[in-house]
Every structure is written in C-alpha cells, then in structure tokens.
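Reader: I'd like to learn how to read helix packing and sheets in a model like this one. Could you walk me through it?

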Amino acid sequence: MIIEATLKKEISQAIRSTFQTGAEDISLQPTKKEFEGTYTFVTFALTKSLRRPPAQIGQVIGDFLVANSSVVSGFNVVQGFLNLSIKAEAWLGVLAEIHQNETFGDVPANGRSVMVEFSSPNTNKPLHLGHLRNNCLGDSVSRILTANGYEVIKTCLVNDRGIHICKSMLAYQKLGQGETPESSGLKGDHLAGKYYVLFDKEYKQQIKELVADGLSEEEAAKKAPWIREAQELLIKWENGDAETVALWKKMNGWVYAGFQETYDKMGVQFDKTYYESDTYLLGKDIIEEGLAEGVFYKKEDGSVWIDLTEEGLDHKLVLRGNGTSVYITQDLGTTELKYQDFQNDRYLWVVGNEQDYHFNVLFAILKRLGRPYADGCFHLSYGMVDLPSGKMKSREGTVVDADDLLDEMVKTAENRTRELGKIEDFNSEEAKNLYDMLALGALKYYLLKVDPKKRMLFNPVESIDFQGHTGPFVQYTYARLRSIQRKSEEAGIKRVVSSENYALHPAEQEVIYHLSQYPERVQAAGAEFSPALISLYAFELAKIYNQFYAELSIFSDSNPQAVQMRVALSGAVAKTIRHAMGLLGIDVPERM
C-alpha cells in the first residue's frame, strides 16, 4: 500500500541527505512483536559503504524521518534494525483508500494470458478425493491469476480412451444386463466405476486360478482371459468397430453427465475441454519434424528416441517401433494444439507429483524443438491426499468418492451448526443453502490451506470446525461482519474515515496494517501459484479482527468518530475476506 512505497522513498531520501550517497533497493520487513513499531529497515548492508556502525546509521536515518517524514511518528534502534512507528493519520488514510476501492486486491489487466489445465479425469471411474484437491487447486489458481491481471483459460484434458476404459466396457458387456443410471439409481460415473471394480475382481480371480495351474504370476497377468478380451476391445475401438464405439460413447456419456453434476456442486467450470480420443494421434508430425532436425534419433527396431542426458534426464522413447504413440507423443501434440487454439503466454498443468519426471521430459523436448511457448510451460506439482485410514486405490474400490465425501460434509455441517444453535430463525431452504456453503467451504479451505507441494492428510471432521484454521471459522467471521453492517445501516450510522484528532487504538492499527498487506499477498500467491498464501491470509485477518472485536466496542463508544471509523473498518474487513475467500472458490454467508 501507499505507506510502504512512501516509506521506502523517504528512507532513500534520508540516506542521500544525511550521508550524501544513494541507496538502491530499499526493503522493509515487519517489526518483530517484541519491539515497538510496524516496519523495520535493516541497516547492516550499509555499514561497508557508509563506514559507520549499523546502530549509528539507524539512529541518523530515524532522526531524519521523524523530522521530515509524512508517515513516521517515531522509531527505535536495536543493533542494525531500525524499527519505525507510523502516524495515526497515515493509517487512517490507508483505511480510507481501501474503503473507497471497490476492486481492492485486484490488479488491472496486464495484457498477458495463461492457460490452466486441471481435473483431467479418467472416464472409467467417478471423481475422488485426489481429484477434489486437483480441482480446488486449478480453480483457485485460475481465480488468483485473474486477480493478478491475467486473462485465464481453464481447460480439462479427459482421459477417455485406453485399456482402463475398455476394462469397464468389457465388464459391462459381461455383467451389465442392460443396466443404466436410471435403472440402477446410480450417477453415470459411479456406474462405470462399479464395472471397473468388477473387472479387477474377476481379473484377480482369473490370475489366481492360472497361477494354481502352474503359471507364474507375470504370465498369468498377461494370459488371463479378461485382460486379453479387454485388449481386443481396445483394438476394435482403434479400428472403429461400430458396436464397440457405440458402447464407448454410451458409457462415456453417462460418465460426463455424472462429472458435470459433481463440477456443478463444486462450482467448477472449464472454458475448453480436450479429449484424449481426439488428441492421442497428435504429435507424430512433430516427431517427424524433430527427426529431420536431428532432435530425435531412430533405433534399428524403428523406435524413435531423444537423448536428454544433458538436461540430467535420460534417453526417452517418443514413438514405438510399430509407429504407435506413447504418452509423451500425445502431450507434444496436445500442447501444440493448445498453442494453436489460444496462443497463451503461459501454460500451467495442475497434475500430481508422481508425474514430475514426465513433465521435466515434456518441457525439455519442447525447448529442444525450439517451440515459442516452451519457456512459458509450468507443472504445478502437488502432493497426494491421504486419509486417516491410509492410501486410496481406485481399482479395489477403496477410494473416497467425491460425491460421497461432499454429501458427508453437508451432513457434518448440518450437525455442527445445529449443535451450536446458529440457525433457529432460518427456513428450510436458507438452512440447506448454509449447510452446502459451509460444507464446500470447509472442504475447499482444508485442501487449499496446505502448500500444494506437500502431501496432506484430510480429516473431514476437523475441517468443519468453527474454531481454528478452518473455512467455517472465516465464514462465521464474515457473517458477524455482515451483521455489524446491517446494524449500522438500521441505526443510520455512516461509514466515515476521518483522520482529524483521532487517536488510533493499537488494535485498530493492527487490523488496518493487515488489510494493507492484502494486495501484496495476492501478488505473491499468483507468483508462487499458491492458494495456501490466501487461505492463511484470510485466517489471519479473521483472527486479528476478532481480537479487535473482543477488545473494543463498536456501537457503544462515546466518540461518534470512533463508531463511524470502526463500522468502516469492519466493512473493509468484510470486503477483503469475501474477496480472499472468493479466490479460493468459497462463498461466504450473509448470516449464521
């Protein structure tokens, strides 16, 4: 905010005026809690050029600022640390600026665009807890980048073909008996997932029987009847067999309808969806181009490779000897297609950290090929999500289903809210909307408050707590703030920020200071692709405001100026919490 920019300028001026020398790159840090002040300027770096002890440098600069600064009210020096206190009128000026700024936290459009690819589900099973973290990250990062001035294109690449899809199709052919989502009462993605699990169950039994007949487990896994039939089904699909393609379209259609229902519940949308069935053959032309340019080399069996040992990787297969694609071939083609479609400045892939190596290879190949978009590619790698009960396994049916988890979260939110007696005057529709909002807020906040790179443990009960570092705590604080705004409007109290003869209380100053840090936090979250920075900020702001609320009266203070200022302060906090939670994809309730 304006105080920090002014302070840096005035410190630079102080150094020039008192030491007759310039100072580059003035940086400030928050003053440690045990010392008086808000901002600290470290003087150690100046000792060599100024040939003075750091404490003496701090004293001289501090004296100059007190005499000449428009924002500094006092200072103290602790060794090489100059701790600066700020005038009340400066803080009130900051609050007035925030209060009047309807787009506080947003950066003007910067003329640059970025594509964020996330979700990327398989059509043989419903979305699970791991997908929820992926979707929450992708959606939140998209919102944060938009707030940072980027035009954002949100895309999804659906893995809708391959042997895993054929496994579900084969089990349905064998056991389905014409079952549909309507006849079964199951969402379409759940129905497909049911047959994927049934395939695995039968496949394991067949392997067991073949091993009992004398085959090794490796041989049995290859010769089991159902895996052979699934492979034949894949060949039929690739050859365009009408019956196979019709079944594939029907089952995928069920799955897409199921996915959309889950996406709608989560509040997630995409600007463009790519399908692997459309893109898996792409990339072969790029391989031919790279062969001609000497980027790739061909082995005697006809397979095509690239030597990436200079990049610290290894030799990587990019095309099989029989001319069929591997994943990297497809990704080269799909990335080229995305660039042709949108010409973005940057491309982000939100994909789990088990694919770190794959993306290192992809980006290295793109650079070797001299693609104009290569330097703008980034893999937003995130850690897996575990539950108190352990790791999830799709084919064994032990995943935590996204829909089931969302439903369970809503029930937990309802029980916790009823226990706390917060909805006595709500009608049934209002209560349901609140439960949904709290459940989704708790889930998203819990998944996003952890640094994306870290593996995490998800505890549904802990996430819904109304105290501590949780979504419901921040949502409840917002509802309290809105209650204050309604009460002030009913009483005809204006939100006015005046700096005339007002002695700012330390609790008020603390809230204003934290508000002033919000734009910087939004920019840091965009630079680091980390919603965790926003979630921590929202929690800290809610906590600091609640401390202020407990310490100072808003409506019963005898000074009308204090009442108006505190109402305005509460409004600024409400606006900022709503914006921060919005960047996480979380709605906040008007009342609780």
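Reader: Let's start with a helix pair. Which residues of H4 meet residues of H23?

Author: This is a predicted model, by the way. On the H4 side, Leu92, Leu95, Ile98 and His99 make the contact, and they meet Met565, Ala568, Leu569, Ala572 and Lys575 of H23.

Reader: At what angle do the axes of H6 and H11 cross?

Author: Roughly 100 degrees, with the axes of H6 (residues 163-175) and H11 (residues 242-266) coming within 10 Å. That's why H6 and H11 count as roughly perpendicular to each other. H6 brings Ile165, Ser168, Met169, Tyr172 and Gln173 to the contact, while H11 brings Thr244, Leu247, Trp248, Lys250, Met251, Asn252 and Trp254.

Reader: On to sheets. What is the order of the strands in the open sheet of four?

Author: One general point before the case: in a regular strand, side chains alternate between the two faces of the sheet. This open four-stranded sheet is ordered S1-S2-S4-S3, with antiparallel pairing. S1 (29-30) and S3 (72-78) are at the edges with a single partner strand each, so one side of each has no neighbour in the sheet.

Reader: How many bridges join the strands S3 and S4?

Author: Six, and S3 runs antiparallel to S4 (residues 81-86). Gly74, for example, sits opposite Ser85 in S4. Helix H3 (residues 54-68) packs on this sheet, touching S2 (39-42), S3 and S4, and its direction makes about 170 degrees with that of S3.

Reader: What about the pairings that involve S2?

Author: S1 and S2 pair in the antiparallel sense over two bridges, and Gln29 has Thr40 in S2 as its bridge partner. S2 and S4 also run antiparallel, joined by four bridges. Thr40 turns up again there, with Asn83 in S4 as its bridge partner.

Reader: Which residue forms a salt bridge with Lys33?

Author: Glu510, with the closest N and O atoms 3.3 Å apart. The pair links distant parts of the chain: Lys33 is in the loop between S1 and S2, Glu510 is in helix H20 (residues 506-516), and they lie 477 residues apart. The structure holds 30 salt bridges.

Reader: And the sheet of five strands: is its pairing parallel or antiparallel?

Author: Parallel, in an open sheet with the order S7-S6-S5-S11-S12. S7 (272-275) and S12 (377-382) are the edge strands, each pairing on one side only. On average, neighbouring strands of this sheet are turned by 25 degrees against each other, direction ignored. S6 (residues 151-158) pairs with S7 over four bridges, in the parallel sense, and Leu157 stands opposite Tyr274 in S7.

Reader: Which helices lie across those strands?

Author: H14 (residues 327-342) lies across S5 (113-117), S6, S7 and S11 (346-352), running at about 150 degrees to S7. H15 (residues 356-368) lies across S11 and S12, at about 175 degrees to S12.

Key. Residues are numbered from 1 along each chain as its sequence is written. This is a predicted model: local features need pLDDT of at least 70, side-chain atom pairs count only at pLDDT 80 or more; totals for chains, interfaces and linings use all residues. Side-chain values use heavy atoms; hydrogens and water are left out. Contact means heavy atoms within 4.5 Å. Two strands pair if DSSP finds at least two bridges between them. Axes are lines fitted to C-alpha atoms, for helices over the stretch in contact, and angles run from 0 to 180 degrees between N-to-C directions. A salt bridge is a side-chain nitrogen of Lys or Arg within 4 Å of a carboxyl oxygen of Asp or Glu. Angles under 35 degrees count as roughly parallel, over 145 as roughly antiparallel, 65 to 115 as roughly perpendicular and the rest as oblique.
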